[in-house]
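Let's walk through this model together, starting from a ring and its neighbours and then moving out to the strands.

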Amino acid sequence: MSSTERTGSTGSVSSLFSEALVADAHGAYARLRETAPVHRTTTPDGEPVWLITRYAEARAALADPRLSLNKANAKTSGEYRSSMPPELDAHLLNMDPPDHTRLRRLVAKAFTPRRVEDMRMRIQKLTDELLTTMTGPHVDLVHALAVPLPMGVICELLGIPETARRDFRAWTDTLFSPTPGGATESRTAMREMHQFLKSVIEDKRSSPTEDLLSALVQARDDHDVLTEPELVSLAFLTLFAGYDNAVHLIGNTALSLLLHPRLLRAVRGGAVPIRSVVEETLRWNPPFVLAVRRFALEDVSIGNALIPAGGRVWVSIASANRDGREFPSPDVFDPGRAPTHLAFGYGVHYCLGAPLARMEAEIAVRSLLERFPVLELAVAADELEWWPTFHKRGLQSLPVLTY
């Protein structure tokens, strides 16, 4: 990322989508935070976007009702092009109250503290089954544990057949990390995912079971509280978000310990709870770098910037979580901190699946340490391969030595 410069009272960045930001997101964001809390940059299609980088402004923006998630409120030089086709776009991350409230209430029943706690034994069983297949000494923790565990959990929650899980993982990887010129691949993945979900929903209509997707189908057919596009989109969002977020939280939490051997020993000895390590990982290396884009409903002043009505706003979770104004020594990994990070958002759009993702990461990493008395990185830290995207912070693989 090029160095920032002043444009009026707003920091200006040549492009948010630079290779430097992907390669060194924390370093780039640190330079931006020092210049200004809000920066004007552009998207790949040349549209302006305002990027919020400091904690106080980010937290306020995430809860600001003047910033809408509904893309109908975008004002651009051309037609706003969503990354999602209309058939999968009628979901919570494109809605404001009251529609957001109506749909969120339907899904929230599956993620209450009691419901999530009831899943603990099943998550532990799935974890143990995966660990028994890890014979070592060379293991890729992403492919052996971080990917299959959340996939199994969210698919069981929704009632997705096991035979479809490999395809779903391929679709997800394509959508989150498209290759240059890969628009055709993304469209194909979307189309296949859409047809798959429609097929599963029809199966639930004819043969309902005790799962979330069957309950949503019943809410649609018997109570008419959501439309058919909302049903399909809600299934897509729950499956998509419930999987990818947890995958990278597990991988990033394991890496946090591997990069801090002294802390790893303290966790093994019981001096530091694994829950605190997960929370600090969410601050220090969150799975998602950016919150969902928002659009100003009116002219909005945030920090040093005046964002015009219809302007697109991105909140950098990764940057806010390392703001020294909120977190002393922000680049230091310290599990003793209070969990005031923004990794799961803030306000009415706070992530419903946060308790489940936390539980999966805690169980997965704790069980991993219990099974293997010795766990070390098999490559140098700078040789680890991350997904080449500015949206998320996730490992493509995590090779370790186990004994």
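**Rings, charges and strands**

Arg283 sits over the face of Phe327, 5.3 Å from the ring centre; a charge counts as over a ring when NZ of Lys or CZ of Arg is within 6 Å of the ring centre and within 35 degrees of the ring normal. Please keep in mind that this is a predicted model, where local features need pLDDT of at least 70, side-chain atom pairs count only at pLDDT 80 or more, and totals for chains, interfaces and linings use all residues. Residues are numbered from 1 along each chain as its sequence is written, and side-chain values use heavy atoms, leaving out hydrogens and water.

Phe327 counts as buried at 3% relative accessibility (buried is under 20% relative accessible area, exposed over 50%, partly exposed in between, with a 1.4 Å probe and protein chains only).

Now to the aromatic pairs, of which there are 5. Rings of Phe, Tyr and Trp (its six-membered ring) pair if their centres lie within 6.5 Å; planes under 30 degrees apart are stacked, over 60 edge-to-face, and the rest tilted. Tyr55 and Phe327 are edge-to-face because their planes stand at 90°, with centres 5.5 Å apart. This pair links Tyr55 in helix 3 to Phe327 in the loop between helix 15 and helix 16, 272 residues apart. Helices (H or I, at least four residues) and strands (E, at least two) are DSSP runs, numbered from the N terminus.

Finally, look at strand 4 (residues 48-52), where 4 of the 5 residues are buried. Strand 4 runs antiparallel to strand 3, joined by 5 bridges, and parallel to strand 10, joined by 4 bridges; strands pair if DSSP finds at least two bridges between them. Leu51 partners His39 and also Trp314 in strand 10.
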